Amino acid sequence: MTIIRHQPEKQAPPDAFSKGRTPTFEESAKESLANSQLRRNLGKATQTIRRKRAVAVAEMPDWEELREAGRALKSRTLRHLDDYLVQLEESVTRAGGQVHWARDAEEANRIIGGIAKSHDAKEVVKVKSIATDETKLNEYLEGEGIAAYETDLAELIIQLAGETSSHILVPAIHKNRSEIRELFMRELGVEDLSDEPPDLANAARLYLRKKFLSAKVGISGANFAVAETGTVCVVESEGNGRMCTTLPPVLVTLMGIEKVIPAWQDYEVFMQLLPRSSTAERMNPYTSFWTGSSQGSGDGPEEFHLVLLDNGRTDVLADEIGRQSLNCIRCSACLNVCPVYERTGGHAYNSVYPGPIGAILTPQLVGIGQSGPDSLPYASSLCGACYEVCPVKINIPQVLIHLRGKIVRHKQDEGGLMGKLDPENVAMQAMGRIFSNRKLYEGAQKAAHIGQWPLAKNGTIHRLPGKLAGWTEARDLKPVPEQTFRDWWKTRGKGSPSNGSSGDGAS
Amino acid sequence: MRVALFITCFNDTLFPETGRATVELLERLGHEVAFPQEQTCCGQMHFNTGYQREAIPLVRRFVEVFGDYDAVVAPSGSCVGMVRELYPMAAELANDKKLLYEVEELGDKVFELSEFLVNKTGVTDVGAYYPHRVTYHPTCHSLRMLKVGDAPLELLRNVRGIDLVELPEAKECCGFGGTFAVKNADTSVAMLGDKLRHVLDTEAEICTAGDNSCLMHIGGGLKRQRAGVRTVHLAEILASTEER
Ligand code: SF4
């Protein structure tokens with residue numbers, strides 16, 4: 001097996017965290033729903049992991065208590081986030097590391113690019129970090145003449161394909177083995193490759209090994225960082241994380257400020273919750289911990305930088321209902337159980353954070369008032385499957401509903417005349433008035449029965465007009481019957497005095 | 001027990017037969033049913049679609065209409081879910097402490113039909129007779145929001161003559177989701193497709209549930225396919241006897 005190409009050359013398409021408008025969920029979902037290969041790949045993958053997770057979780061007699069502990073720990077930490085972050089900075093500094101504070105994506109990228117340049121690095125190796133996808137670090141570095149190599153197998157696949165991740169844990173979940181084989185043959189110039197997982201992994205290994213050994217700078221994300229000791233933790237499956245964080249002499253970690261946990265002891269809870277929720281494993285294969293720099297000991301990187309990223313997180317924290325979104329430990333269980341995600345896949349969300357967590361996190365991080373991200377809280381039937389599995393008990397349906405409210409209020413209050421004349425708004429206002437008055441309500445019931453005659457044929461409505469047409473594209477509709485329940489109630493009291501029921505409230 | 005029937009605007013207008021069955025069933029079991037005629041809509045559609053300020057007057061109205069009853073019963077899991085789980089959120093939004101107190105009080109007295117029968121009054125055999133092959137879809141709000149558990153199935157198992165068949169992947173959402181079914185019609189229909197496949201796999205002639213909204217969606221899909229399977233609300237099955 002020979003590898004002939006060495007440069008990632010394709011750019012990922014823009015998303016909610018890039019500049020410019022992104023399509024709405026409905027627009028993008030149309031495309032993914034029509035892709036039968038995608039539907040098959042995703043359906044199979046999510047159903048398998050879902051079943052396995054249920055088994056792994058059922059083994060734990062105290063699972064509900066663990067979830068509650070995880071939730072409580074996270075919400076306490078968020079309540080005192082300022083204190084814990086300062087404590088983290090002190091601990092990391094004491095251990096020979098440097099801490100940088102980044103207000104937004106631009107600042108984070110500038111800091112990381114500056115560190116790479118100060119070491120004359122032309123290449124950096126990366127271990128899966130969604131935060132760097134959020135800041136679009138790879139594109140920034142490319143502009144600065146620095147090539148970033150993803151070393152996680154799935155991330156590499158995505159990078160070679162010039163796509164974006166469609167899952168927070170299994171970024172290439174939308175691709176099957178034979179698609180990956182073709183990609184490697186094409187992009188890495190590999191000949192005679194089978195579609196067996198060991199062969200595919202081997203091809204990636206050959207490609208990446210040189211990079212690990214030659215790169216001067218490694219870049220990672222973080223699953224947790226302990227305020228007490230300054231210890232950063234990455235949880236992974238392939239060992240590439242261990243290589244990235246130990247081989248290059250300089251290590252930079254980009255971490256959202258919500259990832260801090262108070263004490264070592266807290267791992268007891270999170271290391272039980274995370275692997276079972278994410279990969280349905282009792283323990284994941286590789287868990288790396290590092291504290292500061294090697295300080296001359298020869299163990300670990302000579303230089304360690306921790307970049308703490310806000311990028312909208314303090315705004316999320318300020319929202320009483322929305323702030324629980326920051327509890328998230330990125331296990332991806334909510335994606336795997338979501339019936340919407342299972343069918344549309346991650347790309348329909350146009351965000352580095354897809355699925356239920358993405359639907360609540362994305363609009364909060366980028367701010368309300370953009371059609372793409374604003375469509376995400378509506379990408380849910382509110383079935384509640386996500387809340388049921390979330391290991392830190394984020395009430396995702398509640399946050400979805402809360403955000404829908406914020407979006408509508410934003411449109412009504414800031415949208416001027418257009419916002420007020422929006423057909424949905426007009427209809428909702430009218431219905432609100434009708435439901436507030438019994439006479440109007442009863443009148444509307446009659447009107448609905450009478451008004452539907454052009455639509456109803458042989459006891460069925462086959463086609464609805466306007467915005468409601470979506471209903472009748474695949475579903476028939478039962479017409480409004482002549483007698484409402486309340487009409488029946490009024491007629492019955494008279495004829496049958498024997499029954500004990502009363503029609504009180506009648507006026 | 002004296003119970004107030006909260007029919008829901010949806011059943012009142014579109015599915016009066018479910019309301020009639022609920023009344024007959026409750027009376028057969030010895031309850032006295034009241035129907036406060038000032039009731040309209042609980043505000044679920046407004047609230048869940050984001051028109052939350054518009055839902056607040058409907059919340060107040062509900063409290064006024066039903067506040068004085070000892071028990072309120074509705075043949076709809078999702079509307080009960082709205083009252084019990086989301087009214088407090090609406091009261092918080094209205095910044096009204098008194099309303100918050102009232103809705104929390106009221107929440108404990110509002111029941112979905114099957115949980116009222118099984119959990120509140122301890123009845124699992126309602127003396128029904130229904131000689132049909134039936135499969136049951138546990139709607140998401142009944143299952144995950146109200147946590148009615150097996151109550152509907154217990155009731156169905158005791159129906160004489162019924163041939164009750166288990167629905168594969170029953171707990172998966174049917175794809176209705178209120179305005180989701182229209183706003184994201186494509187995704188909703190994709191979810192429905194799988195639900196219909198499972199329903200058809202059971203070879204049942206009837207698919208039942210505790211919510212007519214989900215049933216309208218499932219039934220609408222079945223009818224469009226000329227599947228020969230219809231949907232019937234749980235209350236109607238439980239109200240059926242050999243006499244009628
Ligand atoms: S929201 Fe909960 S279930 Fe979803 S990824 Fe985050 S921690 Fe996991």
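# A tour of chains A and B

Select B:D12 and A:R486 to begin: these two residues form a salt bridge, with their closest N and O atoms 2.7 Å apart. The model is predicted, and the values in this tour are computed from it.

**The interface of chains A and B**

Between chain A and chain B the count is 12 salt bridges. Polar contacts across this interface number 43 residue pairs, with both residues at pLDDT 80 or more.

Next, show every residue in contact across the boundary.

**Chain A as a whole**

The C-alpha trace of chain A spans about 95 × 55 × 50 Å along its principal axes. In cartoon view, chain A has 24 helices and 12 strands. Of its 507 residues, 56% count as buried. Among contacts in chain A with a separation of 6 or more, 74% are between residues 24 or more positions apart.

Colour chain A by domain: domain 1 covers 60-311, domain 2 covers 316-421 and domain 3 covers 423-499.

**A buried tyrosine**

Zoom in on A:Y267, which lies in helix 12 of chain A, residues 267-278. Is this residue buried or exposed? A:Y267 is buried because its relative accessible area is 5%, and the cut-off for buried is under 20%.

Leaving out residues up to four places away in sequence, A:Y267 touches A:F224, A:V226, A:T231, A:C233, A:I261, A:Q272 and A:F289. For a distance to check in the viewer, take A:Y267 and A:I329: their C-alpha atoms are 12 Å apart in space, and the two residues are 62 residues apart in sequence.

**Domains 2 and 3 of chain A**

Move on to domain 2 and domain 3 of chain A. Their centres, taken over C-alpha atoms, are separated by 32 Å. How many residues of each are in contact with the other? Four residues of domain 2 of chain A are in contact with four residues of domain 3 of chain A.

The area buried between these two domains of chain A is about 310 Å², with 35% from carbon and sulfur atoms. Select A:Q412, A:K420 and A:L421, which supply 82% of the area that domain 2 of chain A buries against domain 3 of chain A, more than any other three residues. Zero salt bridges are found across this interface of domain 2 and domain 3 of chain A, while three residue pairs are in polar contact, both residues at pLDDT 80 or more. Helix 20 of chain A, residues 416-421, gives the most to the side of domain 2 that touches domain 3, with three residues. That side of domain 2 of chain A divides into one nonpolar, two polar and one charged residue.

**The two domains of chain B**

Colour residues 2-120 of chain B as domain 1 and residues 133-239 as domain 2. The centres of these two domains of chain B, taken over C-alpha atoms, are 22 Å apart. Their contact takes 29 residues from domain 1 of chain B and 22 residues from domain 2 of chain B.

Domain 1 and domain 2 of chain B bury about 2000 Å² between them, 66% of it on carbon and sulfur atoms. Select B:F10, B:S114 and B:V118: these supply 20% of the area that domain 1 of chain B buries against domain 2 of chain B, more than any other three residues. The count of salt bridges between the two domains of chain B is zero, and the count of residue pairs in polar contact is 10, both residues at pLDDT 80 or more.

Finish with the helices on this side of domain 1 of chain B. Those that each supply at least two residues to the side touching domain 2 include helix 1 (9-14), helix 2 (16-28) and helix 5 (77-93) of chain B. Helix 5 of chain B gives the most, seven residues.

How values were computed:
Residues numbered from 1 in each chain as written. Chains lettered and ligands numbered in written order. Predicted model: local features only at pLDDT ≥ 70, side-chain atom pairs only at ≥ 80, totals over all residues. Heavy atoms only, no water. Salt bridge = Lys/Arg side-chain N within 4 Å of Asp/Glu carboxyl O. Polar contact = N/O pair within 3.5 Å; in protein donor to acceptor, adjacent residues only side chain to side chain. Domains from an automatic or database assignment. Contact = heavy atoms within 4.5 Å. Buried area = accessible area lost by both parts, 1.4 Å probe. Helix = DSSP H or I, 4+ residues; strand = E, 2+ residues; numbered from the N terminus. Buried < 20%, exposed > 50% of the residue type's maximum accessible area, 1.4 Å probe, protein only. Nonpolar A, V, L, I, M, F, W, Y, C, P; charged D, E, K, R; others polar.
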